[in-house]
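Visitor: I have this one open beside me and would like to go through it with you. Can we start with the side chains?

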Amino acid sequence: MLPLSGLLARFKNLTNTERVRKEFVCEVLKEYKIPLDHTKVSFSKENIFLKVSPIIKTEIALKKEDILKKITIKDGLRHIKNIF
């Protein structure tokens, strides 16, 4: 019988896809000089929600179309339609 650590070893290299998607959104926003931590990003259906100040939300709203184009390039984010 194999020990539990041997069975779980194959899962060590799996990535957290939710975190990868959040970090990709943060990378896209950094291109527009909007620094953001991945913990401030959440997803719901076709929307991205950002926990940021109103000033930053206004900045994002001005560049929304360009940001969405870059975000929807990623496979797991093609369904995104809006940023809040």
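Visitor: How far apart are Glu18 and Arg21 in helix 2?
Guide: Glu18 and Arg21 are three residues apart in helix 2, so about one helical turn separates them; helices here are DSSP runs of H or I with at least four residues, strands are E runs of at least two, and both are numbered from the N terminus. This is a predicted model, in which local features need pLDDT of at least 70 and side-chain atom pairs count only at pLDDT 80 or more, while totals for chains, interfaces and linings use all residues. Residues are numbered from 1 along each chain as its sequence is written, and side-chain values use heavy atoms, with hydrogens and water left out.

Visitor: And what does Glu18 form with Arg21?
Guide: Glu18 and Arg21 form a salt bridge, with 2.7 Å between the closest N and O atoms; the term means a side-chain nitrogen of Lys or Arg within 4 Å of a carboxyl oxygen of Asp or Glu. Side chains of opposite charge can pair when their charged atoms come close.

Visitor: How many salt bridges does the count come to?
Guide: Five by this rule. Among them is the one between Lys63 and Glu59, at 2.8 Å from N to O, where Lys63 is partly exposed at 25% relative accessibility and Glu59 is partly exposed too, at 32%. Another joins Arg78 to Asp75, whose closest N and O atoms are 2.8 Å apart, and here Asp75 counts as exposed, at 61%.

Visitor: Switching to helix 4, which residues are buried there?
Guide: Helix 4 covers residues 64-71, and Ile67, Leu68 and Ile71 are buried in it. Seen down the helix axis, these buried residues fall within an arc of 100°, so they line one face of helix 4; the arc is taken from the directions from the helix axis to the C-beta atoms. Glu65 and Lys69, on the other side of helix 4, are exposed.

Visitor: What do the buried residues of helix 4 pack against?
Guide: Their partners are helix 2 (17-31), strand 2 (47-50), helix 3 (54-62) and strand 3 (82-83).

Visitor: Then what about Asn82, what does it touch?
Guide: Asn82 sits in strand 3 and, leaving aside residues up to four places away in sequence, touches Glu46, Asn47, Ile48, Lys64 and Leu68, where a contact means heavy atoms within 4.5 Å. With Lys64, the Asn82 side chain also makes a side-chain polar contact at 2.7 Å.

Visitor: And how many helices and strands in the whole protein?
Guide: The protein has four helices and three strands, which follow the pattern α-α-β-β-α-α-β along the sequence. Of its 84 residues, 29% count as buried, and among contacts between residues at least 6 apart in sequence, 49% join residues at least 24 apart.

Visitor: Last one, how much accessible surface is there?
Guide: The accessible surface of the protein comes to about 6,300 Å², and carbon and sulfur atoms account for 57% of that.

Definitions and conventions: Buried < 20%, exposed > 50% of the residue type's maximum accessible area, 1.4 Å probe, protein only. Areas by Shrake-Rupley, 256 points an atom, 1.4 Å probe, with all protein chains shown as cover. Polar contact = N/O pair within 3.5 Å; in protein donor to acceptor, adjacent residues only side chain to side chain.
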